[in-house]
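Hi everyone, thanks for coming. I'd like to walk you through one structure today, starting with the ligand and then moving on to a sheet. Here it is on the screen.

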Amino acid sequence: MSATLKLLRALSDPTRLRIVALLERDELSVNELQEITRLGQSRISTHLGLLQESGLVQSRREGKRTYYRLRTHAEGATGEFIQLAIRGAKELPEHPGDQINLKRILGRRHEQAQVYFNQVAGRFDRVYGPGRSWQAFGHLLLRVLPPLVVADLGAGEGLLSELLARRCKKVIAVDNSEKIVAFGAAKAKKNGLKNLEFRLGDLQEPPIEAQSVDLVILSQALHHAEEPAKALAAAHRILRPGGQVMILDLLKHNFEKAQQFYGDRWLGFAESDLHRWLEEAGFKKIEISVVAREEQPPHFQTILAGAEK
Ligand SMILES: C[S@@+](CC[C@H](N)C(=O)[O-])C[C@H]1O[C@@H](n2cnc3c(N)ncnc32)[C@H](O)[C@@H]1O
């Protein structure tokens, strides 16, 4: 049968005209079409089968459900036939009722989504959201980062370095633990990150050439330094003019066991101390703020300090 004949046959039935008109606004499942038209499931399925065969309707599966929609970008004869069918459907006595039911079904769909978000409003950041994670946000933010040369001081096994290396020109990860450096370097190699270089060294005197990096990161590392001011002076030294230092650390706390549990030298820092050391090192445009507070005791708070050379 020719394509035109198939189209004519598909539209030679008032129920199929109704279905085409209903699919004009949005895709619908067989169940939804059944609820709107009050027709039996097998009748609707047969009609949909014919409409699909003629090329007027297409479908997609979502789990166990199949959704039907008018063929997108229908051009030429198909597009004209769709318009004709919609006009024809408007002349049918069922049309006004169909449209009222359609509005109701689409409204209910919208409400179902709203019910969930209304329930979690105000605590959205604390409830589980499928696929939502800080790691994913990190990747998103990385995409807007220019191709920088980065020094990650006190890098550990390179959790952050690895993330940065996927976007940055080069990342130099410095740590004073031989074991950690060996582990991090092996992991970077395994992950094919050729632009991530691990170096053994002290963050107070990093083995990095002066004025050679665009960004220095100290993530939960500064409180391990004997002399934090010396580490910040070193950060200033290795930065190119206009480069930035970014520090993530703990706000001053009194959980003394941190020294025993985590090997910390300093029980976090007061914002004023960090500000002073950054200024003494020669940094400008200093910005410091508390960016996170843990829910569990001892309620560690994270400060983010940024400054420019
Ligand atoms: C808490 S971890 C932080 C690791 C990583 N920056 C992160 O945010 O996941 C601290 C790291 O600093 C390293 N470290 C401690 N003192 C250091 C120093 N003086 N020079 C260089 N690295 C140091 C430790 O070996 C450890 O890997």
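Predicted model: local features only at pLDDT ≥ 70, side-chain atom pairs only at ≥ 80, totals over all residues.

Residues are numbered from 1 along each chain as its sequence is written, and side-chain values use heavy atoms, leaving out hydrogens and water.

Now, the polar atoms. A nitrogen atom of the ligand has a backbone N or O atom of G154 at 2.7 Å. A polar backbone atom of L203 is 2.9 Å from a nitrogen atom of the ligand. From S219, a polar side-chain atom lies 2.6 Å from an oxygen atom of the ligand. On its own the ligand exposes 590 Å², and the protein buries 77% of that (accessible areas by the Shrake-Rupley method with a 1.4 Å probe).

On to the sheet. It is open, with three strands in the order β1-β3-β2 and antiparallel pairing. Strands are DSSP runs of E, at least two residues long, numbered from the N terminus, and two of them pair if DSSP finds at least two bridges between them. β1 (28-29) and β2 (57-62) are at the edges with a single partner strand each, so one side of each has no neighbour in the sheet. Between β2 and β3 (residues 65-70) there are six antiparallel bridges; S59, for example, has Y68 in β3 as its bridge partner.

How values were computed:
Polar contact = N/O pair within 3.5 Å; in protein donor to acceptor, adjacent residues only side chain to side chain. Helix = DSSP H or I, 4+ residues; strand = E, 2+ residues; numbered from the N terminus.
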